[in-house]
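Welcome! Have a look at the model below, and then we can walk through its parts together.

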Amino acid sequence: MKQIFNYSDYRDYIRDFYLERKKKNPRYSYSVLGTAIGLNASHVFCLVEKTRDLPIRCVPAVKKLMGLENRAAAYFDLLLAASRTKSETTRAEIMEKAAL
């Protein structure tokens, strides 16, 4: 799987994480992923399809499950912040910080 720094949307990273796990274990499902991060399967599906956002309460569980620490965890937080902002200017500023 690619490093998180190659992504510009945290939902793409979560999707690729899910697909990699699914490839290794065909029984891995949205339900299994959802249980690990505190969501139901339909919410995980919507998250992967980019129709819903990740609730803030689930962020620590996602970081732990995916092994994100230090700089990678901070980058994930920036991607999350960028996806939640409505202002293109603010989004560009956040992504500029992420590029450093």
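## A loop residue to start from

Let us begin with Thr 85, which is placed in the loop between H5 and H6. Helices here are DSSP runs of H or I with at least four residues, strands are runs of E with at least two, and both are numbered from the N terminus. Thr 85 counts as buried because its relative accessibility is 15%; buried means under 20% relative accessible area, exposed means over 50%, and partly exposed is in between, using a 1.4 Å probe and protein chains only. Leaving aside residues up to four places away in sequence, Thr 85 touches Thr 90, Arg 91 and Ile 94, where contact means heavy atoms within 4.5 Å.

A word on the model itself: it is predicted, so local features need pLDDT of at least 70 and side-chain atom pairs count only at pLDDT 80 or more, while totals for chains, interfaces and linings use all residues. Residues are numbered from 1 along each chain as its sequence is written, and side-chain values use heavy atoms, with hydrogens and water left out.

Axes are lines fitted to C-alpha atoms, for helices over the stretch in contact, and angles run from 0 to 180 degrees between N-to-C directions. Angles under 35 degrees count as roughly parallel, over 145 as roughly antiparallel, 65 to 115 as roughly perpendicular, and the rest as oblique.

Which residues of H5 and H6 meet? From H5 come Tyr 75, Leu 78, Leu 79, Ala 81, Ala 82 and Ser 83, and they meet Arg 91, Ile 94, Met 95, Lys 97 and Ala 98 in H6. The residues of this contact of H5 with H6 divide into eight nonpolar, one polar and two charged. In these classes, Ala, Val, Leu, Ile, Met, Phe, Trp, Tyr, Cys and Pro count as nonpolar, Asp, Glu, Lys and Arg as charged, and the others, Gly among them, as polar.

## H1 against H5

H5 also has a contact with H1: the axes of H1 and H5 come within 8 Å and cross at roughly 120°. H1 and H5 are therefore oblique to each other. In H1, Tyr 10, Arg 11 and Ile 14 meet Phe 76, Leu 79, Leu 80 and Ser 83 in H5. By class, the contact of H1 with H5 has five nonpolar, one polar and one charged residues.

## Aromatic rings

Now for the rings. Rings of Phe, Tyr and Trp (its six-membered ring) pair if their centres lie within 6.5 Å; planes under 30 degrees apart count as stacked, over 60 as edge-to-face, and the rest as tilted. By this rule the count comes to six aromatic pairs. Tyr 18 and Tyr 28 form a tilted pair, because their ring centres are 6.0 Å apart and their planes are at 40°. Tyr 18 lies in helix H1 (residues 10-24) and Tyr 28 in the loop between H1 and helix H2 (30-37), so the pair ties together parts that are 10 residues apart in sequence. Both Tyr 18 and Tyr 28 are buried.

The rings of Tyr 18 and Tyr 30 have centres 4.4 Å apart and planes at 15°, so this pair is stacked. Here the link runs between distant parts of the chain, with Tyr 18 in helix H1 and Tyr 30 in helix H2, 12 residues apart. Tyr 18 has a relative accessible area of 7%, whereas Tyr 30 counts as partly exposed at 21% relative accessibility. Ring pairs link Tyr 18, Tyr 28, Tyr 30 and Phe 45 into a cluster.

## Charges over rings

## Gly 34 in H2

Where does Gly 34 lie? Its place is in helix H2, and Gly 34 is buried, with a relative accessible area of 0%. Not counting residues up to four places away in sequence, Gly 34 touches Leu 39 and Val 44.
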